[in-house]
Amino acid sequence: MKKYLVLFAVIAMVGGLVLHVKHGEAATHVKPSEVQGVGQHTKHGLLLSKKEWVEQEITLIDPRDGSEIQKIKPSSFNSEEKAANLARELEQKYDQPMVPARLNSDGTMKAGSNRVVVDKEAFVTMLQNVTFFQREIEVPITESAPNITAEAAANVNQDVLASYKTHFNASIKGRTTNIVLSAKEIDGVILGPGDRFYFNLVVGQATTERGYQKAMEIVNKEMVEGIGGGICQTSSTLYNAIDKLDLEIVELHHHSLGVSYVPVDRDATIAYGGKDFKFLNNKDFPVMIKAIVDTKNGTLEVQVRAADQSVAKKG
């Protein structure tokens, strides 16, 4: 944008000098009022030219397929703040976390969905360095698929690399139901090397339509009744299991009060649309999450499994 402004200023100054000379030469033949009128007309023309230059549109291109995202005008990003706002708009529109693959009960694999990321910082830099004749910008969008194949997932259920078990009161029906439902959602999830797990994305929102029930939960240091109470026991049990294997924690939050099912600061609270529990598989082999609920004895066990050859690597 700075290059644009400097170039325009030079053009405007040169044009102004030429116009001044021509007006001076014709002064003996033109009335003062006419000279003033010509000057005003020329000034108006220059302003129109500047407006036309500033508002020439630039096309944003999706590098994944070369398609047009949208057209923008330089006035929409002529400051760092405006450029950052535009970058955030594209991030909200295109960014999506990876949905990991899952091992079905029959041994087949259900494919996940790709992770899409807009590099905001790189895009803002691009906007700040637009050249005068540039008419297109390739938005820095990257897309990556889950790093797992059906062949690699075939034996991922063989060995337990890490596990963690918590207890709950099975007589509390609402809480027990919520633990069972949320545990079912994480069961069978497979993460290839570098794949990420987002608890809220995998488990989804706790609603009555999905079978979740009312149970006590912690909100702002108070015990209150809410739909889905007990889901945090699932996320906390999962956290302790994957932490034993030293998988990389991306996002973690603790409750505002202590909980009974894990030691202090070993919990992982979540809130759909807000706090999340996220981690990634930093190993060079696939791992699978296995969740086992025993409603008779009131236990939830989360295991991290892998193929036999992976156990040899870990050792």
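Me: So buried means under 20% relative accessible area, exposed means over 50%, and partly exposed is in between. Which one is Arg-210?
Reply: This is a predicted model, and in it Arg-210 has a relative accessibility of 35%, so Arg-210 counts as partly exposed.

Me: What does Arg-210 form a salt bridge with?
Reply: Its partner is Glu-185, and the closest N and O atoms are 3.5 Å apart. Arg-210 sits in the loop between α7 and β11 (214-219), while Glu-185 is in helix α6, so the pair links distant parts of the chain, 25 residues apart.

Me: And Glu-185, buried or exposed or partly exposed?
Reply: Partly exposed, because its relative accessibility is 24%.

Me: Why would side chains like that pair up at all?
Reply: In general, side chains of opposite charge can pair when their charged atoms come close.

Me: How many salt bridges is the count?
Reply: The count comes to 8. One of them joins Lys-290 and Asp-187, with 3.7 Å between the closest N and O atoms. Lys-290 is in strand β15 and Asp-187 is in the loop between α6 and β9, so this bridge ties together parts that are 103 residues apart in sequence. Lys-290 is partly exposed at 25% relative accessibility, and Asp-187 is partly exposed at 22%.

Me: Which residue does Arg-266 meet in a salt bridge?
Reply: Asp-243, at 2.8 Å from N to O. Arg-266 belongs to the loop between β13 (248-251) and β14 (278-280), and Asp-243 belongs to helix α8; the two are 23 residues apart. Arg-266 is partly exposed at 24%, as is Asp-243 at 26%.

Me: Which residues are joined into one network?
Reply: Asp-62, Arg-64 and Glu-143, through salt bridges that share partners.

Me: New topic. How many residues are in the largest nonpolar core?
Reply: It has 39 residues. Those with the most contacts inside it are Ile-186, Phe-197, Phe-199, Leu-238, Phe-277, Phe-279 and Ile-289. Several helices and strands each supply at least two of its residues, including β8 (159-167), α6 (173-186), α8 (231-244) and β16 (299-306).

Me: Which one gives the most to this core?
Reply: Helix α8, with 6 residues. Apart from this core lies another one, of 19 residues, and Tyr-94, Val-118, Phe-123 and Ile-137 are among them.

Me: Back to Phe-277. What does it touch?
Reply: Leaving out residues up to four places away in sequence, Phe-277 touches a list that includes Phe-197, Phe-199, Leu-238, Ile-242, Leu-252 and Ile-270.

Me: Why would residues a few places apart point the same way?
Reply: An α-helix has 3.6 residues a turn, so residues three or four places apart point the same way.

Me: Now strand β5. Which residues are on its covered face?
Reply: Val-116 and Val-118, while Arg-115 and Val-117 are on the uncovered face. Side chains in a regular strand alternate between the two faces of the sheet.

Me: Which strand does β5 pair with?
Reply: β7 (residues 141-144), in the antiparallel sense, over 4 bridges. Arg-115 stands opposite Ser-144 in β7.

Me: Where is Thr-59?
Reply: Thr-59 is in strand β1. It is buried, because its relative accessibility is 9%. Its side chain makes a polar contact of 3.0 Å with that of Lys-71. Beyond its neighbours within four places in sequence, Thr-59 is in contact with residues including Glu-68, Arg-135 and Ile-137.

Me: Last one, Thr-299: buried or exposed?
Reply: Buried, since it has 12% relative accessibility. Thr-299 lies in strand β16. Its C-alpha atom is 9.9 Å from that of Ile-179, which is 120 residues away along the chain.

Methods. Residues are numbered from 1 along each chain as its sequence is written. This is a predicted model: local features need pLDDT of at least 70, side-chain atom pairs count only at pLDDT 80 or more; totals for chains, interfaces and linings use all residues. Side-chain values use heavy atoms; hydrogens and water are left out. A nonpolar core is a set of buried Ala, Val, Leu, Ile, Met, Phe, Trp, Tyr and Cys residues joined through side-chain atoms within 4.5 Å. Buried means under 20% relative accessible area, exposed over 50%, partly exposed in between (1.4 Å probe, protein chains only). Contact means heavy atoms within 4.5 Å. A salt bridge is a side-chain nitrogen of Lys or Arg within 4 Å of a carboxyl oxygen of Asp or Glu. A polar contact is a pair of N or O atoms within 3.5 Å; within protein, one must be able to donate a hydrogen and the other to accept it, and residues adjacent in sequence count only if both atoms are side-chain atoms. Two strands pair if DSSP finds at least two bridges between them.
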